[in-house]
Structures are given as structure tokens and as C-alpha cells.
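The sequence and structure come first, followed by the terms and the findings.

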Amino acid sequence: MTSTLKQPSRIRSHPWHARDIWCAVAGAVSLALAVGSAATVAVPVHSDLGLVAVLPYPFWVGVLIVNVAFVVALRGDATGPARRPVMLWLIAVLVLMLFGAAAFVTDVPRGEVAFRHLGIADALSTSGGVDPNIDAYFNWPGFFALLATVLRATGIDPVTVALWAPVFNMGLWLTAVGVLTRYLTKDPRRRWLVLWIFCLGNWQDQDYLSPQAFGFFLYLVVIVLLIGPLAAKAPAFRGFGRANLKSWWLARTPADDRPGHRVAALVVTLLLIAVICASHQLTPFLVLIAVTALTLSGRVWPGRLPLIAGILLVLWLVYPASTYLSGHPPLADAGLQTAIEANVVDRTTGSAGHLLVVQIRIALTLILWALAAIGSVRDWRRGRLDIRVVLLAVTPLLLFPVQAYGGEMLIRVSLFALPFIAMQASSVLLPTTGSVRFSTRNTVVLVPACVLLAVMTVTGRFGNAQYDVFADDEIAAVQAVDNLAPPGSAIIAAAHPTPWRSQDYLDHRYRTIEDLCPSDLSAATCGPLVYRYARHNPGGGYLLLMTSAESSLVLQGQTTPQSFEELENWLKSQDGVDIAFSNSDARVYRVAP
């Protein structure tokens with residue numbers, strides 16, 4: 001096994017060709033098709049397949065054109081792929097098309113959580129302190145403190161920040177992955193293809209305005225430092241005998257011969273780990289696993305780095321996050337069976353369209369992992385398999401049985417493994433070396449493969465558009481509730497896909513009907529529970545019923561349109577319940593205390 005994929009580097013600049021210009025123009029055409037067609041989509045989306053069912057055919061023509069242009073540019077000529085500005089432009093076009101599609105459909109950020117995160121940042125900014133008793137977010141406030149500082153310092157519209165956060169975060173991630181690949185391979189074609197596959201396989205939808213997106217970027221930067229300035233050269237492995245292990249460990253040498261550079265990199269790494277520990281619950285554990293795996297493989301020079309990282313993590317859990325953890329033991333839902341039920345079984349229910357979207361997400365993940373496995377075998381046979389890439393791809397799986405993480409652990413595992421899965425998958429999709437222009441036959445195979453992955457990613461990423469892409473009338477209803485509800489009142493939405501809590505985060509009691517009635521949403525059982533909860537507040541309660549939230553309950557098989565209508569009719573017929581606001585996509589009921 002080698003520490004670097006030994007491929008010749010083509011760093012010599014070459015002149016502009018007509019091919020490069022045509023590829024750049026093709027990218028511009030595909031972007032224009034995507035933006036123009038996405039802008040015609042009406043909201044709310046009325047399909048349980050999400051955006052893939054309503055995006056006009058010019059959008060898909062654009063997807064085809066940009067993938068063809070990329071493959072042509074990647075093939076290049078005998079000197080290498082197309083010029084760097086062309087490759088960067090095509091990747092930027094792909095990011096805008098795949099991750100900015102919803103922003104071209106509507107100027108409202110997708111998903112509930114982005115609004116909630118804006119509210120937390122606002123609460124931190126106005127309260128002037130951190131109260132860990134509020135909820136879990138205030139036990140890991142690092143990201144929100146940074147967000148509040150940036151918003152206050154720049155004056156940028158928070159909604160605009162949330163709207164374009166996926167594109168911005170993908171830009172950050174791709175920058176880090178691009179630096180990462182420069183340490184892992186000298187083949188320029190492979191580096192560009194890894195970035196392309198990373199985009200095409202990124203269905204996980206974790207790039208919204210969130211601590212996870214921020215933590216993942218810092219994780220990638222830490223990995224760059226570990227395989228770059230903090231890397232070690234390990235001698236040939238002689239076996240697991242005690243003497244062999246000791247001599248192997250002591251024979252390691254630093255890959256970077258500049259002590260000052262290594263010390264600076266170590267200081268930055270420790271600072272980043274500390275920031276990650278203060279910003280997100282899950283990412284520090286993935287950092288610790290990655291640091292430990294790379295160190296034990298002999299590929300990291302500071303041998304005590306895992307110990308220091310572990311101490312930083314424990315100190316944060318024992319002190320700043322102890323308030324939350326005292327009532328939420330981290331291993332309370334551990335176990336493989338529990339993880340499978342939460343991450344797989346519970347997610348494979350609902351309408352036929354919703355199930356198809358889930359199956360496509362699973363299939364896309366399995367396809368990439370299968371390609372990576374084949375690529376690993378191929379690299380091993382060629383003597384160029386990088387053990388670091390393999391370790392970073394598989395070690396996130398160690399967390400899967402440890403925490404169900406609200407049914408999202410498998411999503412996070414696949415995200416953290418994706419850069420390295422893309423690295424190994426590229427060995428199959430690009431079987432030639434950097435010194436060889438791949439054949440027309442390879443081109444014919446690569447184009448449909450990329451188009452297929454793009455279609456699957458759009459399907460998986462925007463498959464919940466029926467309930468996470470909000471209409472203007474729904475935003476108007478939320479604003480009406482914010483204006484009507486006095487402090488101390490309860491605001492009850494139908495389900496969690498609700499664009500609320502972006503302001504007055506600490507002033508109300510926010511609940512959902514699905515939380516109050518987790519097992520039965522029928523009018524006879526759920527109605528009295530919701531009614532009593534709404535009335536038992538000094539400021540009364542407000543029922544916020546929106547089309548998107550109702551759709552989420554129906555699509556995931558928790559109720560039917562008829563049952564939900566019966567529940568609403570029962571609630572509005574009770575004493576003290578009056579309609580306070582309504583439009584085509586939402587109703588707000590006031591419940592007197």
C-alpha cells in the first residue's frame with residue numbers, strides 16, 4: 001500500500017482550445033436552462049416525488065449538457081484536462097443547478113430547521129448570554145454565536161443567508177475536498193472527477209444553514225491538516241508482534257520536514273477540534289474516530305493527538321454540555337437493532353412516491369459504495385491503494401450502532417464518508433492514469449453514469465419538496481401567528497416541517513400535533529390532547545395548520561387527508577376556538593385559555 005496515489009502531475013499550462021471555450025459556453029447554456037425552467041415551478045409542490053416530478057424538461061436538458069461538457073473537458077487532450085477556469089466554472093454551474101434549484105423556484109428557504117437556527121442566533125444575540133437549560137442547541141452554541149456575530153456585523157438579511165446557504169456550504173466543502181485530493185493524488189483528471197462525484201452523490205441535504213454543515217467543513221479541514229503538514233511516513237509493516245509494532249511505530253518520520261510548519265498546523269488543528277466540540281453534538285466523535293484511525297495507521301506524526309482530542313471532547317461534555325446530557329444519556333438508544341429500526345425501517349413507510357424517493361436515496365448510496373469497493377480492489381491490485389482513504393471511508397460506520405440520532409445517523413455516516421467514497425469510485429469511472437487521455441469508450445460510459453447520478457441526487461435531495469418547500473401564503477400565516485401570539489402562549493403546528501421560530505424563539509411554547517399525539521392522530525384521541533394543551537397556557541394557544549405540514553403527515557403514512565380534516569373540524573368546533581387568520585394554504589385558530 002502506498003501513502004499517495006502515484007500519478008504524474010500535469011501542472012504545465014497549455015493554451016486555450018476551442019474545446020475549452022465550447023465547454024464553458026455549454027455550462028452557461030445549461031445554467032440558463034436550469035434557472036429559467038426552475039423559475040416556472042409553482043409552489044406548493046403537489047407531488048410526493050418532490051421537485052423531480054415538476055421540474056420542466058429544459059432543466060433535465062441542462063443537466064445532460066453540463067455533464068457532457070464536463071466529461072469532454074475532463075477528457076481534454078494529451079496534456080491533460082481543460083484549463084482550470086473551465087473546470088471550476090463547470091463545477092460552479094453544477095453546484096448552482098443541483099444545490100440552488102430550490103432557490104430558483106422560490107425565495108423562501110427550504111425546511112423548518114433553517115428558520116429555527118436563525119431564531120437561535122437571534123436569541124443568543126438579544127439575550128447576551130447562553131442558558132444551557134433552554135434546549136440542546138444552547139449546550140453547543142458555537143455555530144450560533146458565530147452566525148449571530150456575522151449577521152449583526154454585516155447586516156445581511158438572515159433569510160437570504162438561509163436561502164443560499166446550501167450553495168455557499170457546498171462551495172466551502174468543495175474547496176476543502178479539492179485541497180484534500182491534492183494530497184491524495186497527482187492525477188489532475190482524478191481530482192476533478194472526485195469533486196464532480198462528490199456533488200453528484202450529495203443527496204444527504206445537510207448543507208443548509210446548520211451546525212452540521214459548519215462542523216463538516218471544519219472536519220474536512222482537520223483531515224487536510226492530518227494528511228498534509230501533520231502526516232507521517234510509516235515504514236513497511238512487519239506484523240502484529242510486539243517488537244514489530246514498536247519498531248514500526250518508532251521508525252515513523254514526519255512527512256513535512258519544517259518543524260515550525262508542523263507546530264502551526266497542530267495548533268490550528270487543536271483549535272478547530274475545540275470549535276467543533278463547542279458547535280455540534282455528533283461531529284466531534286467522527287473527528288475523534290478519524291484522528292485515532294489515521295494515527296494508529298502510522299500516518300499522523302503527533303502520536304498523542306487522539307488523546308488530546310478525546311480530552312477536549314470529554315471536557316466539553318462534562319462541563320458546558322452537562323445540563324443536556326444529564327437528562328439525555330448519549331448511549332440511551334444504542335444498539336444495532338435500534339439503529340436499523342430508526343434509520344431504515346421507520347423511514348421506509350408512507351406513500352408510494354415517498355417510498356420511491358427513499359429507495360432512490362438508498363440505491364444511490366449503495367451504487368457509490370459498490371463503485372468504491374470495486375475501485376479499492378482495483379487500486380490494491382495495482383499497488384496504489386491509499387490506506388488513509390479506506391480508513392476515512394469506513395470508520396464513520398462505527399458510530400451507526402452507537403446512536404440512532406433521531407433516525408439520521410445513516411445520513412450523517414454517508415455524508416462523512418462521501419469524499420473518500422468518491423475518491424475510490426473515481427478509480428472505476430476513470431480507469432486510466434493522468435498521463436493517458438481516456439478513450440471514447442470511457443467517455444460514452446462516463447456521461448450516462450454522471451447523468452444518472454445527477455437525476456438520482458435531485459430526486460433524493462428534493463424528494464420532500466411537497467412539505468419542505470414553503471408557499472408565500474404559509475410564510476404569511478407564520479408571520480400572522482408571530483404578530484398575534486402574546487408571550488407565554490402556546491403555538492401548535494401540525495408537524496415539524498413548519499417555517500417558524502425564526503424570531504421570538506424564547507417567548508412561546510412551540511409544539512406539534514405529531515409530538516402531542518405520537519401514536520394516534522385521530523380526532524377522538526388526539527383532539528382532546530391538543531385542545532387541553534392549547535388551553536393550559538396563560539396566553540392561550542394558537543393552532544397553525546398548513547398545507548405543507550399536513551402533506552408531511554400524509555406522505556409519511558401518519559394520517560390521511562380525511563382523518564386530518566376530521567381532526568381540524570373537531571378542534572375548531574370546541575369552545576373558545578376561533579379562526580384568527582386564513583388563506584389558501586394555511587389556517588390559524590386562536591384557543592382561549
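## Terms and basis

Helices (H or I, at least four residues) and strands (E, at least two) are DSSP runs, numbered from the N terminus. This is a predicted model, in which local features need pLDDT of at least 70 and side-chain atom pairs count only at pLDDT 80 or more, while totals for chains, interfaces and linings use all residues. Residues are numbered from 1 along each chain as its sequence is written, and side-chain values use heavy atoms, with hydrogens and water left out.

## The loop between S3 and S4

Aspartate 504 is located in the loop between S3 and S4, and its phi is near 55 degrees, a positive value in a residue other than glycine. Arginine 501 is placed in the loop between S3 and S4 and has a positive phi of about 70 degrees, although it is not a glycine. Most residues other than glycine have a negative phi. With a relative accessible area of 27%, aspartate 504 is partly exposed, whereas arginine 501, at 17%, counts as buried. Buried means under 20% relative accessible area, exposed over 50%, and partly exposed in between (1.4 Å probe, protein chains only).

Threonine 498 sits in the loop between strand S3 (490–493) and strand S4 (509–512). Its relative accessibility is 0%, so threonine 498 counts as buried. A polar atom of the threonine 498 side chain lies 2.7 Å from the backbone oxygen of alanine 495. Not counting residues up to four places away in sequence, threonine 498 touches Glu112, Phe470, Ala493, Leu544, Met546 and Ala549, where contact means heavy atoms within 4.5 Å.

## Helices H16 and H18

The axes of helix H16 (residues 352–381) and helix H18 (residues 409–429) come within 7 Å and cross at roughly 55 degrees. H16 is therefore oblique to H18. Axes are lines fitted to C-alpha atoms, for helices over the stretch in contact, and angles run from 0 to 180 degrees between N-to-C directions. Angles under 35 degrees count as roughly parallel, over 145 as roughly antiparallel, 65 to 115 as roughly perpendicular and the rest as oblique.

Residues of H16 in the contact include Leu368, Trp369 and Arg378, and those of H18 include Leu418, Ile421 and Gln424. The residues of this contact of H16 with H18 divide into eleven nonpolar, six polar and two charged. Ala, Val, Leu, Ile, Met, Phe, Trp, Tyr, Cys and Pro count as nonpolar, Asp, Glu, Lys and Arg as charged, and the others, Gly among them, as polar.

Leucine 410 belongs to helix H18 and is partly exposed, with a relative accessible area of 34%. Leucine 410 touches Asn343, Val344 and Phe400, not counting residues up to four places away in sequence. Between leucine 410 and valine 344, 66 residues apart in sequence, the C-alpha to C-alpha distance is 8.4 Å.

## Helices H2 and H3

Helix H2 (residues 57–75) and helix H3 (residues 84–99) pack at an angle of about 155 degrees, with axes 10 Å apart. The two helices, H2 and H3, are therefore roughly antiparallel to each other. Among the residues that meet are Phe59, Val63 and Phe70 in H2, and Met87, Leu90 and Met97 in H3. The contact of H2 with H3 has twelve nonpolar residues, one polar and no charged.

Arginine 84 lies in helix H3. Leaving aside neighbours within four places in sequence, arginine 84 is in contact with Arg182 and Trp192.

Key. Polar contact = N/O pair within 3.5 Å; in protein donor to acceptor, adjacent residues only side chain to side chain.
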